[in-house]
Amino acid sequence: MKKALITGANKSIGFETARLLLQQGFYVYIGSRTAENGEKAVAQLKADGLENAAYVLLDVTDSDSVTAARKTLGEKTDTLDVLINNAGISGGMPQSALDATIDQFKEVYDTNVFGVVRVTQAFIDLLKNSPEPRIVNVSSSVGSLTLNSDPTWFAYDLNASVYNSSKTALNMYTVKLAYELRNTAFRVNAVDPGYVATDFNNHQGHGTVQQAANRVSKYALIGADGPTGGYFSEENNPETWEIPW
Ligand SMILES: NC(=O)c1ccc[n+]([C@@H]2O[C@H](COP(=O)([O-])OP(=O)(O)OC[C@H]3O[C@@H](n4cnc5c(N)ncnc54)[C@H](OP(=O)(O)O)[C@@H]3O)[C@@H](O)[C@H]2O)c1
């Protein structure tokens, strides 16, 4: 049975992605910052007939927590087939490029960028034991430098210098990670789940978490001939999903 770890999977996009992978026959480790939320998520999945889930305590901003999660998982499995770096925060809006504080940048980067680095580095040994390892970094189209430079783009005026730049940094980390893992069975991609209604945006998003989970899990499930080092958004390119960096 293939195994997946999803950070921030106790609710919203991460939770629905867990459900989809469970339906595909995976065993899924639900990353959760609290035992209470982790237990609740697993109980919900089990109530829906999806038994192969367990939660793992994991705060991506806390190196000790990441180390402990790696130890816990290592006691249960020596292989991880899929890592989905989903945990993310917006940092609150607006975020003017002139007025956003360094503390705001640090807080958002600690989760959206450094958190991904911490978790990826901690679990890479387990992923290397998989014959078909997949890493999906949940990014956003608002991390695209090209789209943000286009006055006709729908999110051109979004006042989010902190969040947007954190996803741009995540994109570059994705490219460099894919580069280091080139000529291996790894497939590493950045995926925009789309603007969907969750706590993240006070449920202002127009899409559903199910749509987002479909988009994210697509790149967790790609075959050996699938892309690596790519950046995908169905919302911005319904045909090939590929979007400019
Ligand atoms: N929703 C959208 O429209 C949208 C659009 C583009 C990209 N995204 C991206 O999609 C991802 C998921 O977003 P969402 O809409 O599902 O957000 P959400 O509803 O706010 O859920 C975020 C999840 O991440 C967890 N999390 C936050 N900080 C964490 C940390 N330090 N360590 C571990 N887990 C942490 C949260 O845990 P708690 O429950 O403990 O807070 C929660 O499980 C994010 O990376 C976001 O940037 C979302």
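Me: How do I tell what counts as a helix or a strand here?

Reply: Helices (H or I, at least four residues) and strands (E, at least two) are DSSP runs, and they get their numbers from the N terminus. In this predicted model, the protein chain has seven helices and seven strands. Some ground rules: residues are numbered from 1 along each chain as its sequence is written, and side-chain values use heavy atoms, leaving out hydrogens and water. Because this is a prediction, local features need pLDDT of at least 70 and side-chain atom pairs count only at pLDDT 80 or more, while totals for chains, interfaces and linings use all residues.

Me: In what order do the elements of the protein chain run from the N terminus on?

Reply: Follow the chain and you get β-α-β-α-β-α-β-α-β-α-α-β-α-β.

Me: What does the radius of gyration say about the protein chain?

Reply: The radius is taken over C-alpha atoms, and the globule rule is 2.2 Å times the number of residues to the power 0.38. For 245 residues, a compact globule would come out near 18 Å; the protein chain has 17 Å, so the two agree. Along its principal axes, the C-alpha trace spans about 50 × 40 × 30 Å.

Me: How many of the residues count as buried?

Reply: Buried means under 20% relative accessible area, exposed means over 50%, and partly exposed is in between (1.4 Å probe, protein chains only). Here, 50% of the 245 residues count as buried.

Me: Where does the cis peptide bond sit?

Reply: Cis goes with an omega near 0° here, and the bond runs from M93 to P94. P94 is in the loop between β4 (82-85) and α4 (102-128).

Me: What about N202: is it buried or exposed?

Reply: N202 is exposed, because its relative accessible area is 62%. N202 has a positive phi too, of about 50°, although it is not a glycine. You'll find N202 in the loop between β6 (187-192) and α7 (209-220).
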